Amino acid sequence: MVAAKTTSVPRSAKFKKYLPLYLMMLPGVIYLIINNYIPMAGLIIAFKDLNFRKGILGSDWIGFANFRYLFATSDALLITRNTVLYNVVFIALNNFLGVTVAILLNDMTALKAKKFYQSAVLLPYLISMVIISYLVFAFLSNDRGFLNRTVLPIFGQQGPSWYTNASLWPPILIFVNAWKNVGYLCVLYLSSILGINKEFYEAASLEGASKWQQIKYITLPLIKPTIIMMVLIMIGKIFYADFGLFYHVPMDSGALYKTTNVIDTYVYRGLLKTGDVGMSSAAGLYQSVVGFILVLTSNLVVRKVSPENALF
Amino acid sequence: MIQSNDNRIFQIVAHVVLALFSFLAIFPFILLIISSITEENTLAIYGYTIFPKQLSGEAYAYLFKEGNQIVHAYGVTIMITIIGTFAGLIIMSMLAYPLSRRDLPGRKGFTFFVFFTMLFNGGLVPTYLLYTNYLNIKNTYWALLIPILLVSAWYVLLMRTYFATNVPTPVIESAQIDGAGEFRIYWQIIIPMSRPIIATVALFVGIAYWNDWYNGMIFITKPQYYSIQNLLTRMMNDIQFLQNNSSLSAALAGTAAIPSISVRMAIAVTGVLPIMIIYPFVQNNFVKGIAVGAVKG
């Protein structure tokens, strides 16, 4: 009854009042429908034998056939393993380095040097993967690379053929990923450290606590929630790979697929290179669904650990 | 005294470690820049080095003189970055403002509608098929502008929160009493009062457009629509590309070849240069943006 009274304004008048606001939202809503919601519905093509003459809706349903083909190949296991394992290493290493650099930066007394170091480590974060692939090429090119022509000869070593040797690539990709992303994590953790009350440190040094003890007993415990949150967010995205890192940096070299093929590059190649849309769409749906479950799960855990940082 | 000693050791360790990290971060750029000004034959013989035997500006001279393709791609990148950033900011803020209004009927539903796009997505295959087979944007400039980049749910929600917490409701209400319409409130009150968040999002969206190669790689096959990033992608795979596409390729037969090795590096330099130039000026904004979560991790 109370509800009925408060909404005594006629519906039409209310709608008229808010019409400008709805109109304002219209372009964004239309965009999200086109760019996001229709493709979600389009995931059904994974269950179809796509025939462009019949169109997407007119193509024949084939149930799980695309998935049976996909999971019968060794590719499915390989791309899943590569995607997840690389991400596990990225999460551990990048967060470790990010926290370390942030702590070192925070307590640095030379302010100009501090500013310089921070600018330097953050710079790679703003660079596109295409440019990064050029930077890497300048080091690894077989006949002109800095490593093969300048560094390795100093040690009397013959340089390997980097772009055809798959076993060399896990460390390279891990290094490049850290090179690009540690600066971002460092800035993030630095802002978290700056939020710590300075009195804790003053009190601790009065008590004679060493630098290391202050880090161990004040800094680390107080930024732990931020670390946990970042790790959980990254775990939520563990089924998604950085396409540019795995495609451009190894220069799409076929000899390297064993260690460079991930779900995202597999889907791209299936769709645009080999024309195997069935497998590609099956792999895409697999990624979307598992990715969705992981995001929901990680958020559930975040909500348990620190509710204010949960996405929903 | 033990403490200051302890601190001194910390400072030394910090300097050593951070200097090493900074060197690792910057060195590749130095190698790239020096490679772009190394004489072509020196590159062929000694490879990419930091102390080349002979320097040369021939790569840049070539870019200025014959690089129609490059200048064009540069123009495409600039145009797409400016239009995309403006259009994206307007569309996103117009979606964010109503969502920031607690009195808007259906607010929760709309917010979820925006938010859900962050949790679940259709991925490349349906997106590609929709844009190419139904919306026909393949090989048009729209392909560089619209897919994926234009509106991001995360920025919309970031702006919504900012509007809701930084523009007091009484300000909006008194404007309404004075007879201002919603569009006027949005344009003359909300936007001017929210400059910091608009600037932050503009910076991130602008960099995303400048650096984008993904849309071009998927939707563009004709070189006349290449952005600078797409041109670089193409040249990495096909070192002859410039030669084949040069406006002078016929005239070039018999004359000196294009310094293709150093030119590649020179184009890469021109691709990063604008970022390097604006970096010192925007760095503080960028850092603040990361701190408020303007980057989708």
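**Aromatic rings and buried residues**

Me: Is Phe204(B) buried or exposed?
Reply: The relative accessible area of Phe204(B) is 7%. Buried means under 20%, exposed over 50% and partly exposed in between (1.4 Å probe, protein chains only). Phe204(B) is therefore buried.

Me: What kind of model is this?
Reply: Residues are numbered from 1 along each chain as its sequence is written, chains are lettered from A and ligands numbered from 1 in written order, and side-chain values use heavy atoms, without hydrogens and water. Local features need pLDDT of at least 70, side-chain atom pairs count only at pLDDT 80 or more, and totals for chains, interfaces and linings use all residues, for the model is predicted.

Me: How many aromatic pairs does the structure hold over all chains?
Reply: Rings of Phe, Tyr and Trp (its six-membered ring) pair if their centres lie within 6.5 Å; planes under 30 degrees apart are stacked, over 60 edge-to-face, the rest tilted. Over all chains, the number of such pairs is 39.

Me: How are the rings of Tyr247(A) and Tyr268(A) arranged?
Reply: The ring centres of Tyr247(A) and Tyr268(A) are 5.2 Å apart. Their planes stand at 80°, so the pair is edge-to-face.

Me: How many residues apart in sequence are the parts that this pair ties together?
Reply: Tyr247(A) and Tyr268(A) are both buried. Tyr247(A) belongs to helix H12 (residues 243-247) of chain A and Tyr268(A) to helix H14 (residues 263-273) of chain A, so the separation of the parts in residues is 21. Helices (H or I, at least four residues) and strands (E, at least two) are DSSP runs, numbered from the N terminus.
In residues, then, the answer is 21.

Me: Which helix of chain B holds Phe286(B), the partner of Phe204(B)?
Reply: Phe204(B) and Phe286(B) form a stacked pair, with 4.8 Å between centres and 20° between planes. At 3% relative accessibility, Phe286(B) counts as buried. The two residues are 82 apart, with Phe204(B) in helix H11 (residues 195-211) of chain B and Phe286(B) in helix H16.

Me: Which residues of H3(B) are exposed?
Reply: In helix H3 (residues 58-66) of chain B, the buried residues are Ala59(B), Tyr60(B), Tyr62(B) and Leu63(B). On the other side of H3(B), the exposed residues are Phe64(B) and Lys65(B).

Me: How far apart in space are Phe64(A) and Ala282(A), C-alpha to C-alpha?
Reply: Phe64(A) lies in the loop between strand E2 (60-61) and helix H4 (65-72) of chain A, and at 52% relative accessibility it counts as exposed. Phe64(A) and Ala282(A) are 218 residues apart in sequence, while their C-alpha distance is 8.8 Å.
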